Amino acid sequence: MIEFQHVGKDYPDGTRAVGDVSLSLEAGSCTVLVGSSGSGKTTLLRMVNRMVEPSRGRVLVDGRAVREANPVQLRREIGYVMQGSGLLPHRTVLANVETVPLLRGESKQESRRRALLQLERVGLDPLSYSRYPGQLSGGQQQRVGVARALASDPDVLLMDEPFGAVDPLVRAELQAQLRALQDELKKTILFVTHDMDEALLLADRIVVLRPGGEIAQDATPEEIVSAPADDFVRGFLGLDSAQRALHLQPGAAGDVVLDRFGRPLGVVPRAPQES
Ligand code: ADP
Ligand code: MG
């Protein structure tokens, strides 16, 4: 379980990246932080593995303040897929994925076993294991990034716009794969995106951030769609995006909101009939 208690971050130049955020992420569930660029998503996510120190408040992982933890240790225990692939360019795909278990003190043999398992799990062609990141497509690089984050079998996965740099078809494939992975592995995932459709697809819970790093709404996908908290969230859901990705189908209790795969997201209750 991860808990943010009244955290805030002001950068030295005076930028308020995060105002006052309190959140608890349930173990084994996927929480998606969604907000436009500059709304403090990366800053919040990086507080978990101490790549950013909050100016106010604290972050707990399994009841322990991360401030008390050794940052190097912490980063080895928490999987992190960063914006862009973040792969080491001069190491092969396999070497990139093996690095984390090796650093955690696993034997060469065990590290290789884990790396191969995860590379297979994310569906990467074995021919690419000996290639360098620069020789892979964007989508393949993202898969390696996910495999690397999974290689040490962490309980917690931080994913910062991991599918941002790939075309829509590959993106849909990666999203579907992450859902399948999550059904199987039940990690505690904090996933960051600026794309509400992606959030609706992946999240057990969505936290919408407004500029200045304040929570606009913290709710299930169904609630966000059927009862956006205010005009900001409504705007973020977007009429275009709603028409593109979501549609309504009349049902017994009200209109059922379906996503682009026809998956029901929730029900918009029908207003009481006037008699
Ligand atoms: P997001 O990931 O939602 O795009 P960030 O957390 O990266 O947002 O940034 C939030 C705000 O903090 C932005 O205004 C950004 O310019 C600013 N910011 C981020 N990192 C730094 C930094 N190291 N120094 C100063 N300002 C920063
Ligand atoms: Mg960011």
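Modeller: What follows goes from sheets to helices and then to single residues. This is a predicted model, in which local features need pLDDT of at least 70 and side-chain atom pairs count only at pLDDT 80 or more, while totals for chains, interfaces and linings use all residues. Residues are numbered from 1 along each chain as its sequence is written, chains are lettered from A and ligands numbered from 1 in the order in which they are written, and side-chain values use heavy atoms, with hydrogens and water left out.

Colleague: How should I read a sheet, and in what order do the strands of the open sheet of six strands come?

Modeller: Strands of a sheet pair through backbone hydrogen bonds, either parallel or antiparallel. Helices (H or I, at least four residues) and strands (E, at least two) are taken here as DSSP runs, numbered from the N terminus, and two strands pair if DSSP finds at least two bridges between them. The open sheet of six strands has the order β6-β7-β8-β3-β9-β10, and its pairing is mixed. Its edge strands are β6 and β10 (214-219), each of which pairs on one side only. From one strand to the next the twist averages 15°, where angles run from 0 to 180 degrees between N-to-C directions and axes are lines fitted to C-alpha atoms, for helices over the stretch in contact.

Colleague: Which residues point each way from strand β6?

Modeller: In a regular strand the side chains alternate between the two faces of the sheet. In β6 (residues 78-81), I78 and Y80 point one way and G79 and V81 the other, and all of them are buried; buried means under 20% relative accessible area, exposed over 50% and partly exposed in between, with a 1.4 Å probe and protein chains only. Strand β6 pairs in the parallel sense with β7 (residues 156-160) over four bridges, and V81 has M159 in β7 as its bridge partner. Strand β7 is also joined by five bridges to β8 (residues 188-193), again running parallel, with V156 opposite T188.

Colleague: How are the strands of the other open sheet, the one of four strands, paired: parallel or antiparallel?

Modeller: They are antiparallel, in the order β2-β1-β4-β5. Strands β2 (16-25) and β5 (64-65) stand at the edges with a single partner strand each, so one side of each has no neighbour in the sheet. Two bridges join β4 (residues 56-61) to β5, and V61 stands opposite R64.

Colleague: Which helix lies across β1, β2 and β4?

Modeller: That is helix α1 (residues 41-48), which runs at about 125° to β1 (2-10). Six of the eight residues of α1 are buried, so α1 is largely enclosed by the rest of the structure; they are K41, T43, L44, L45, M47 and V48.

Colleague: How do I read two helices that pack together, and at what angle do α3 and α5 cross?

Modeller: An α-helix has 3.6 residues a turn, so residues three or four places apart point the same way. The axes of α3 (residues 93-103) and α5 (residues 138-150) come within 7 Å and cross at roughly 25°. The two are therefore roughly parallel, since angles under 35 degrees count as roughly parallel, over 145 as roughly antiparallel, 65 to 115 as roughly perpendicular and the rest as oblique. Their contact (heavy atoms within 4.5 Å) is made by V93, N96, V97 and V100 of α3 and V144, A147 and R148 of α5.

Colleague: What is the angle between α3 and α4?

Modeller: Helix α3 packs against α4 (residues 108-121) at an angle of about 125°, with the axes 8 Å apart, and the pair is therefore oblique. Among the residues that meet are V93, L94 and V97 in α3 and A115, L116 and L119 in α4.

Colleague: Where does R50 lie, and what is its phi?

Modeller: Most residues other than glycine have a negative phi, and most peptide bonds are trans. R50 has a positive phi of about 60° although it is not a glycine, and R50 lies in the loop between α1 and β4. At 16% relative accessibility, R50 counts as buried. E161 also has a positive phi, near 45°; E161 lies in the loop between β7 and α6 and counts as buried at 12%.
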